[in-house]
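Please have the model open while reading.

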Amino acid sequence: MLSDAEIEAILISLRVAGVAVAWILLPGIAVAWLMARHEFRGKALLDGLLHLPLVLPPVVVGYLLLMSLGSRGLLGTWLNEWWGVRLPFTWQGAAVAGGVMAFPLLVRALRLSLEAVDPRLEAAASTLGAGRWRVFATITLPLTLPGLLTGSVLAFARALSEFGATITFASNIPGETRTLPLALYSLIQTPGGEAAAARLCALSVVIAMISLVASEWLARRARARLQGRDA
């Protein structure tokens, strides 16, 4: 059986990962659409910046977040003084860190789906009088649903498993920012915590597998519905 502390870590992880996906969803759709539909100067540079969280050490990402969103950071000072928002060492900050690390996965999945949409379908809708936003909402977005679902589930799993950026930006505070990976790390450092660490390790593997299987199942189901609608 799981202890109260272990259950608490799981619930915090689910909340952090859910909020992380929620706040990156709309920006992810916008950025993916920009990268898939437009050519502009600096596109390669922007693409590199978008993928930086995948190649940088997570601790570096957490440090950059701390420098920019901390109490003395430019954005952090503005958020605190004008809106009373303080992100470092809070579960909301953990959600920000998880969202930043998961953002490239969401954008990549959406971008691939957008690039697979036939532009002639959008052009046909435009010739029938549909505006740009209506075309996007009724044609483009439904056709990218498999990529949206896949990207969202993968982003959720990535945010759920984030460690380095979270511990650097939000710390490892029990009941506040101690997510599943941080709880596992704490148990490894605790004498006699091997059994609890093994339980959390097994649970992490199960959650990861469920996320991957769910991502594939949702994508296939969405593709099947779209193909059935086309037929």
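## Burial and basis

Buried residues (under 20% relative accessible area, with a 1.4 Å probe and protein chains only) account for 40% of the 231 residues in the protein chain. The model is predicted: local features need pLDDT of at least 70, side-chain atom pairs count only at pLDDT 80 or more, and totals for chains, interfaces and linings use all residues. Numbering runs from 1 along each chain as its sequence is written, and side-chain values use heavy atoms, without hydrogens and water.

## Fold and surface

The protein chain has eleven helices and zero strands. Helices here are DSSP runs (H or I, at least four residues), and strands are E runs of at least two, numbered from the N terminus. The C-alpha atoms fill a box of roughly 70 × 45 × 30 Å along the principal axes.

Contacts are heavy atoms within 4.5 Å. Of those between residues at least 6 apart in sequence, 72% join residues at least 24 apart. The accessible surface (Shrake-Rupley, 1.4 Å probe) comes to about 13,100 Å², and 68% of that surface belongs to carbon and sulfur atoms.

## The second largest pocket

A pocket is an open set of points on a 1 Å grid where a 1.4 Å probe fits, with protein on both sides within 12 Å along at least five of seven lines; lining residues have an atom within 4 Å of a point. The second largest pocket holds about 300 Å³, as the space filled by probe spheres set on the points.

α2 (43-55), α3 (58-69) and α5 (91-116) each supply at least two lining residues. α3 gives the most, with five. Trp23, Pro53, Ser68 and Val100 are among the lining residues. The lining divides into eleven nonpolar residues, one polar and no charged. Nonpolar covers Ala, Val, Leu, Ile, Met, Phe, Trp, Tyr, Cys and Pro; charged covers Asp, Glu, Lys and Arg; the others count as polar.

Terms used. Buried < 20%, exposed > 50% of the residue type's maximum accessible area, 1.4 Å probe, protein only.
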